[in-house]
Amino acid sequence: MSKNIRRTFIAALGIEVLCIICAEIGENIGLSIFGFNLYGIAIAYILGFALAGFSTFLTILGRYDFENIKEVKHIRGCCSFLEENSGKGFIFNLITTFVNFKRGFVQFFNNWDNPQMKNILKTSLIILITAESACILTAETVTLLFYQYSIFLAIPLALVIGTFTLTLVESTRKIRNQQKVQNFNSENSECKDCTPDSQSNFVSLSDFRRLHKES
């Protein structure tokens, strides 16, 4: 468990740098313009989440080839991408993230009217809500807590804690999936001699009465 978390965290840190940086930029813009008050905090959260979501969308978009329709239809999210590259380290995932972001930015303007874009956008929103939201909101909350104390301390703390949140979510999901597979395999092994056409020995009440009269 600890080994998996450590390896996943290193990979997630490379993937989440861009996302959390965008969240930090959006949040700090909101706080600097609208002030450190209830209204300003609400706007800052929205701006940070929106900017981080857009960067996530572009990063996902940069991984896919529009000429391959099957690939676009079966879009894999950040977590599956994280699992695939968890053993390649921080530098690889960091470079790959920025390369995909740049490629996605170009593809967005070249294919914004492509019918396949709707499916990618829908999938990106699902990924943003289900996988990235905990990471982004945690990072924004850490930044908010340290905003008036030290912004230089808030940003690295937000990056580390936000990434750790994503790592815990992903590791928990992976463990649950492995347990489901193990349970499924154990159930199948117990019923290896069972046949789908086997009949039950249950006797209905009407058949029981008929057999009783005949006897």
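Visitor: In which helix do F54 and F57 both lie?

Guide: In this predicted model, F54 and F57 are three residues apart, about one turn of the helix. The helix that holds both residues is α2.

Visitor: Which kind of aromatic pair do F54 and F57 form: stacked, tilted or edge-to-face?

Guide: A pair of aromatic rings is described by the distance of the centres and the angle of the planes. For F54 and F57 the centres are 6.4 Å apart and the planes make an angle of 40°. Planes under 30 degrees apart count as stacked and those over 60 as edge-to-face, so this pair is tilted.

Visitor: Is F57 buried or exposed?

Guide: The cut-off for a buried residue is under 20% relative accessible area. F54 has 37% and is therefore partly exposed. F57 has 6% relative accessibility, so F57 counts as buried.

Visitor: Which residues do ring pairs link into a cluster with F54 and F57?

Guide: The structure holds six aromatic pairs. Ring pairs join F54 and F57 in a cluster with F105, F108 and F109.

Visitor: What distance should the 24 residues of helix α2 span?

Guide: Helix α2 covers residues 38-61, and its end C-alpha atoms are 35 Å apart.

Visitor: Which backbone nitrogen does a side-chain oxygen of N37 reach at the start of α2?

Guide: The side-chain oxygen of N37 comes to within 3.2 Å of that nitrogen. The backbone nitrogen belongs to Y39.

Visitor: What is the angle between the planes of F34 and Y39?

Guide: F34 is partly exposed at 33% relative accessibility, whereas Y39 is exposed with a relative accessible area of 53%. Their rings form an edge-to-face pair, 5.6 Å centre to centre. The angle between the planes is 80°.

Visitor: With which residues is T56 in contact, leaving aside its neighbours within four places in sequence?

Guide: T56 is found in helix α2 and counts as buried because its relative accessibility is 6%. Beyond its sequence neighbours, T56 is in contact with C19 and E132.

Visitor: Which element gives the most to the largest nonpolar core?

Guide: This core has seven residues: A12, I20, C135, A139, V142, A158 and L166. The elements that give two or more residues are α1 (2-34), α6 (116-146) and α7 (151-190). With three residues, the element that gives the most is α6.

Conventions. Residues are numbered from 1 along each chain as its sequence is written. This is a predicted model: local features need pLDDT of at least 70, side-chain atom pairs count only at pLDDT 80 or more; totals for chains, interfaces and linings use all residues. Side-chain values use heavy atoms; hydrogens and water are left out. A nonpolar core is a set of buried Ala, Val, Leu, Ile, Met, Phe, Trp, Tyr and Cys residues joined through side-chain atoms within 4.5 Å. Buried means under 20% relative accessible area, exposed over 50%, partly exposed in between (1.4 Å probe, protein chains only). Helices (H or I, at least four residues) and strands (E, at least two) are DSSP runs, numbered from the N terminus. The expected span of a helix is 1.5 Å times one less than its number of residues. A polar contact is a pair of N or O atoms within 3.5 Å; within protein, one must be able to donate a hydrogen and the other to accept it, and residues adjacent in sequence count only if both atoms are side-chain atoms. Contact means heavy atoms within 4.5 Å. Rings of Phe, Tyr and Trp (its six-membered ring) pair if their centres lie within 6.5 Å; planes under 30 degrees apart count as stacked, over 60 as edge-to-face and the rest as tilted.
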